[in-house]
Amino acid sequence: MNFSSSVSEINGIGAKTAELLKALDIDNVGALIYHFPRDYYVYPDLVSENELYNFIDTKVCIEAVLSESIEYKKTYRMEICTGRIFLGKTPVNLVWFHMPYIRRTVYPKKRYCFFGVLKFNRNCYEISQPMV
């Protein structure tokens, strides 16, 4: 099987499904693979300290150095990893839920781009589940 093979050669795709895919102009494996992307992100421009307050409750991309190592806390039903970055003098807390492996992925004193929704909680900026 290759990109030019018919979609009906894929296990589980019969005549009915092939007909439905044909209506979407999907007649081969390559067209099927490229028709529906797994994920699609449009990364915004990097945010500076001066404009941080303009982006509350929106997706932001922040380039910063992780100031300390990621802290890990396990409760009865939840695993929480937290970190902190500074955008100028403004602290931004980073919170990951059920992602203990992030401690072995992100290291302190290194520069990263963090992407996620910026919130203002408890008098501090916060990004939950940021992509790195």
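A salt bridge is a side-chain nitrogen of Lys or Arg within 4 Å of a carboxyl oxygen of Asp or Glu. The model is predicted: local features need pLDDT of at least 70, and side-chain atom pairs count only at pLDDT 80 or more, while totals for chains, interfaces and linings use all residues. Residues are numbered from 1 along each chain as its sequence is written, and side-chain values use heavy atoms, without hydrogens and water.

**Exercise A. Salt bridges**

Task: How many salt bridges does a search of the whole structure find, which residue pairs with Asp27, and which pairs with Asp57?

Solution. 
- Begin with the count: the whole structure holds 2 salt bridges.
- Take Asp27. Its partner is Lys22, with the closest N and O atoms 3.8 Å apart.
- Classify both ends. Buried means under 20% relative accessible area, exposed over 50%, partly exposed in between (1.4 Å probe, protein chains only). Asp27 is partly exposed at 40%, and Lys22 is partly exposed at 47%.
- Take Asp57. Its partner is Lys119, and here the closest N and O atoms are 3.1 Å apart.
- Asp57 lies in the loop between α2 and β1 and Lys119 in strand β5, so the pair ties together parts that are 62 residues apart in sequence. Helices (H or I, at least four residues) and strands (E, at least two) are DSSP runs, numbered from the N terminus.
- Classify again. Asp57 is exposed at 51%. Lys119 is partly exposed at 35%.

Task: In what order do the 6 strands of the open sheet stand, and which strands are at the edges?

Solution. 
- Read the order. It is β1-β5-β6-β4-β3-β2, with mixed pairing.
- Find the edges. β1 (59–65) and β2 (71–74) each have a single partner strand, so one side of each lacks a neighbour in the sheet.
- Neighbouring strands are turned by 40° against each other on average, direction ignored. Axes are lines fitted to C-alpha atoms, for helices over the stretch in contact, and angles run from 0 to 180 degrees between N-to-C directions.
- Check the β2 side. β2 and β3 (residues 79–87) run antiparallel and share 4 bridges. Glu71 has Thr82 in β3 as its bridge partner.
- Move on to β4. β3 and β4 are antiparallel, joined by 8 bridges. Phe86 has Pro91 in β4 as its bridge partner.
- Look at the turn. The hairpin of β3 and β4 has 2 residues between the strands, and Gly88 takes a positive phi near 70° there.
- Finish with β6 (residues 124–128). β4 and β6 pair in the parallel sense over 4 bridges.

**Exercise C. Asn93**

Task: Is Asn93 buried or exposed, and which side chain does its own side chain contact?

Solution. 
- Locate the residue. Asn93 sits in strand β4 (residues 90–97).
- Judge the cover. Asn93 has a relative accessible area of 18%, so it is buried.
- Compare with the strand: 6 of the 8 residues of β4 are buried. Thr90 belongs to β4 and is buried, also with 18%.
- Find the contact. The Asn93 side chain makes a polar contact with the side chain of Arg84, at 2.9 Å. A polar contact is a pair of N or O atoms within 3.5 Å; within protein, one must be able to donate a hydrogen and the other to accept it, and residues adjacent in sequence count only if both atoms are side-chain atoms.
- Look across the sheet. Asn93 stands opposite Glu126 in β6.

Solution. 
- Start with Asp57. Its place is the loop between α2 and β1.
- Turn to Lys109. This residue is in the loop between β4 and β5. Lys109 is not a glycine, yet its phi is positive, about 65°.
- Check the cover of Lys109. At 64% relative accessibility, it counts as exposed.

Conventions:
Pairing = 2+ DSSP bridges.
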